[in-house]
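Visitor: Please walk me through the pockets and the sheet of this model. I would like the terms spelled out as we go.

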Amino acid sequence: MNGEPRFDCPVFEGQVSDYDCSEISTGIHLRRFIDDGIPFLMDIRAALARKHRCHACHRCPNHYKPREPHLAQMMQHLGFPDSAEGIETALTKVQEQYTASLYQIHEGCIRFFQLPSGIQIWQEWDAHLNVAHDTQVHFVTSNAMYLKPQQIIRYCQPGHLVRSSLIAEAVNQIASDNSLVSNGFTSPNLSIFREKYIQQDAFVAQIAAFPAKLTLFENVEDYLEKREIELAAESFVSGLAMSNTVDHTPGADALLTGSIEKVHMHENEVTGLPFYHLEVRCLGLLFDVVVSAEQLTCKPKAGHIMQGVCWLSARMLNYGFTGYEIEFNVTTPLTAKQFEPIALIMDNLQPGERLYCGIDPPIGEMVYVRAKGEVEGISVEFRLDPQDVDEPEPESEGTAAVEDAFRIYRFYPVSKAMAIDMFEKTLILNSPPSLADALNVTEEYLTN
C-alpha cells in the first residue's frame, strides 16, 4: 500500500490512500470502523464529528451521502458558515451556550437545541461514544398546516432518527378532500412520537423551506412578464414528478411559487450573521422560507412573488397534547402597555397551545377569556358564570344545576388579528364582543 497514490483527506486532516479513504467513509457510515487487523487510522469519534466534511468531499461514495441538501447549504440559510469546518465550530458553540433536551428513542437518542431566534438543531446522539453522528436543522414559527400521510418512508430507524421521511398531502382545513399540494417531506422530530401518533389520519405540521435556488419578482405583473415557466403566481410543482425518485426513496424538494405576506430579519445568536424568514402564501398554505441574505439579489418585501426550488422540512406538532398552557389572572381594565405581552403571546400561539386569562373581578358574568392555537387561526372562548345567585344544591339539582352555573361560548376559527382584537377590547376597554354569533359549547365541557 506504500506505493498507492495519496491525497488530502478533510476528515483525517492529512494524506491518505484510497484504502484509507474507504475505511474512513465506511466507518462514518456504519458508525464504527471494520476491524481488518490493521490499526485504525483515526479515532471513530473524531471521524463522526467531521462527518459532514466527508459528505462534502467528491470522493465520498454517493450511496453514503443523504438525499437532503448538504447540511452546510441548509445551515447557511440560518446564518451559519457555509463550510463543513465552520459548521463544526458553530455547533460546538451551540453546545457550550445552550442546554440540550434529550429524547430516548428505543435504543437510540435524539439531542435537541433551540436558539431564541427560532433556529432548531436536531442531532442523533451516540451516548456510548458521546458524539453526534447526524445533524438536521429546522426553523420554528407559529404557522401550521395539516399533512395527510400517504406513505411513511422512514421513521424511527437507527442512523436516520432525525431524517424521518414521508409522502403527504398538505391542506389548510382538516375536512378538505381537495389537495393541490402532495409532496415528500423530511422531518427532524417525527421519531420522537410513539407509533400510535404515526398511525393518525393527519398530522399538524409546520413547514420550513430551504431553497436551493430562489428568485424574487416585484409583483404578480412582474412575475407574469419575466417567468421562465408557464406557472401561476401561486403554484406548486411536486418533486415526486422528478426523475430522482426512481430509487423509490423520493426527496422533499419542490418548485414553490407564492406571494410573500411577511418578511422578518433575524440574527443567528451564535454567529451574529443575518438571515431572512419569509412567510409565503401558496394555494392557501403558509410556508416558512428561510434564506441567507447573500443568496438574494434584492431586499425581499411583502407583496413580492417568490419562486424557488425548496427542500421541505416538517416539524410535527402534538396538537392533542394539553400541556402547553399559559395561565394568569388580570384585573381589568389593563393599560395598552400591560396588554402588549398578551398580544405577543397570542401572535405566536402554535396549534394546540392555549392562553388562559382569568378576569377578576368579572366583567358582568364573564370570568375568563381563553385562546387556543389552531391550524386555521385561533379559537376564542368566553366563560360566563352567574354572579348573584345562590349556590345550587347538587343533591337535588343534578346536571341541570351545573348547566345553569356556567356557559361557554366559542368563536372558531378567527384570524390572529381578530382574536387579539377580541382580547384587547375585553381586557383594556371592558367591552367584550357580542356573543350572539358565538357557538355555545357548554355541552362539550359537561360531557368531556
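Visitor: By class, which residues does the lining of the largest pocket have?

Guide: This is a predicted model, where local features need pLDDT of at least 70 and side-chain atom pairs count only at pLDDT 80 or more, while totals for chains, interfaces and linings use all residues. Residues are numbered from 1 along each chain as its sequence is written, and side-chain values use heavy atoms, with hydrogens and water left out. A pocket is an open set of points on a 1 Å grid over the protein atoms alone, where a 1.4 Å probe fits, with protein on both sides within 12 Å along at least five of seven lines; lining residues have an atom within 4 Å of a point. Counting Ala, Val, Leu, Ile, Met, Phe, Trp, Tyr, Cys and Pro as nonpolar, Asp, Glu, Lys and Arg as charged, and the others, Gly among them, as polar, the lining has 21 nonpolar, 19 polar and ten charged residues.

Visitor: Which strand gives the largest share of that lining?

Guide: Strands are DSSP runs (E, at least two residues), numbered from the N terminus. The lining of the largest pocket comprises 50 residues. The largest share is four residues, from strand 12.

Visitor: What is the bridge partner of Y356 in strand 18?

Guide: Strand 17 and strand 18 run antiparallel, joined by six bridges. In strand 18, the partner of Y356 is R370.

Terms used
Pairing = 2+ DSSP bridges.
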